[in-house]
Amino acid sequence: MLFVVGLGLGDEKDITLKGLEAVRRCDKVYMEAYTSLLSFGLSSDGLSTLEKLYGKPITVADREMVEEKADVFLSEARESDVAFLVVGDPFGATTHTDLVVRAKKAGIDVRVVHNASVMNAVGACGLQLYRYGETISIPFFTETWRPYSFYEKIKKNRDLGLHTLCLLDIRVKEPSLESLCRGKKQYEPPRFMSINTAIEQLLEVEEKSGESGTSTPPDDFVLKQKE
């Protein structure tokens with residue numbers, strides 16, 4: 001059986017009792033580590049903190065493993081109990097939805113343990129959850145890639161009188177373009193978009209498009225590092 005367990009938004013103690021019971025019964029435990037991270041990251045100290053509480057060794061599952069080698073732990077889940085840990089809620093990212101669909105198509109039993117997510121915790125900012133429009137992601141701009149599509153969705157929400165939750169890009173173990181061209185992967189240092197960078201990019205899009213989707217008032221949209 002495959003258990004997909006949400007860990008919540010803070011630290012190792014945010015796991016639910018049901019989630020903790022599921023993890024402790026599993027033979028193998030994987031920790032997804034590229035769509036989002038816990039507050040202490042996944043250094044050796046952070047990983048040992050999780051392992052100490054959960055009572056299980058944890059294998060870090062980076063983007064390459066989740067997207068290209070998921071068959072490894074899916075095959076394990078055919079014969080034993082396997083836990084796949086996700087920061088926030090299991091269905092906060094399409095990657096995890098795809099994993100569940102693949103498991104079910106393969107005839108593997110799946111149990112999902114939900115937890116808090118930025119999608120509902122954003123209510124802490126004081127804006128009512130039912131007044132949010134489409135959530136958008138703001139990616140890092142590069143010299144050759146500067147997409148503006150996310151801005152159009154912010155403006156559409158504003159035109160409808162709705163708030164916007166903006167998920168800020170994180171890049172963990174991303175291969176460099178140069179290394180991909182050479183056929184040998186080399187990974188860039190981890191990057192985490194700051195609120196300042198997100199605002200700079202929004203203002204750049206606004207200036208070049210001549211629109212005013214974010215200028216007034218400034219508290220109509222909320223910025224949060226991607227989950």
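**Helix packing and selected residues**

Gln201 is found in helix α9. The model is predicted: local features need pLDDT of at least 70, side-chain atom pairs count only at pLDDT 80 or more, and totals for chains, interfaces and linings use all residues. Residues are numbered from 1 along each chain as its sequence is written, and side-chain values use heavy atoms, with hydrogens and water left out.

User: Is Gln201 buried or exposed?
Analyst: Buried means under 20% relative accessible area, exposed over 50%, and partly exposed in between, with a 1.4 Å probe and protein chains only. Gln201 has 6% relative accessibility, so Gln201 counts as buried.

User: Which residues is Gln201 in contact with, leaving aside its neighbours within four places in sequence?
Analyst: Contact means heavy atoms within 4.5 Å. With neighbours within four places in sequence left aside, the partners of Gln201 are Ile138, Pro139, Phe140, Phe141 and Met193.

User: What span does helix α9 reach from its first C-alpha to its last?
Analyst: Helices (H or I, at least four residues) and strands (E, at least two) are DSSP runs, numbered from the N terminus. The expected span is 1.5 Å times one less than the number of residues. Helix α9 covers residues 195-209, 15 residues in total, and its span is close to the expected 21 Å. The value reached is 21 Å.

User: Which residue follows α9, and what is its phi?
Analyst: Gly210 comes after α9. The phi of Gly210 is positive, near 75°.

User: At what angle do α7 and α9 cross?
Analyst: Axes are lines fitted to C-alpha atoms, for helices over the stretch in contact, and angles run from 0 to 180 degrees between N-to-C directions. Helix α7 spans residues 149-159, and its axis comes within 10 Å of that of α9. Angles under 35 degrees count as roughly parallel, over 145 as roughly antiparallel, 65 to 115 as roughly perpendicular and the rest as oblique. α7 is therefore roughly perpendicular to α9, at roughly 85°.

User: Which residues of α9 meet α7?
Analyst: From α7 come Phe150, Tyr151 and Ile154. Ala, Val, Leu, Ile, Met, Phe, Trp, Tyr, Cys and Pro count as nonpolar, Asp, Glu, Lys and Arg as charged, and the others, Gly among them, as polar. By class, this contact of α7 with α9 has five nonpolar, one polar and one charged residues. The α9 side is Leu202, Val205, Glu206 and Ser209.

User: How are α4 and α5 oriented to each other?
Analyst: Helix α4 covers residues 70-79 and helix α5 residues 94-105. Their axes come within 11 Å and cross at roughly 50°. α4 and α5 are therefore oblique.

User: Which residues of α5 make the contact with α4?
Analyst: α4 contributes Ala70, Asp71, Phe73 and Leu74. The contact of α4 with α5 has five nonpolar, no polar and two charged residues. On the α5 side are Leu99, Arg102 and Ala103.

User: What is the relative accessible area of Arg78?
Analyst: Arg78 lies in helix α4. Not counting residues up to four places away in sequence, Arg78 touches Ala106 and Ile108. Arg78 is exposed, at 51%.

User: How far apart are the C-alpha atoms of Glu32 and Leu85?
Analyst: Glu32 sits in strand β2, residues 28-32. Glu32 counts as buried, at 1% relative accessibility. Leu85 is 53 residues away along the chain, yet the C-alpha separation is 6.0 Å.
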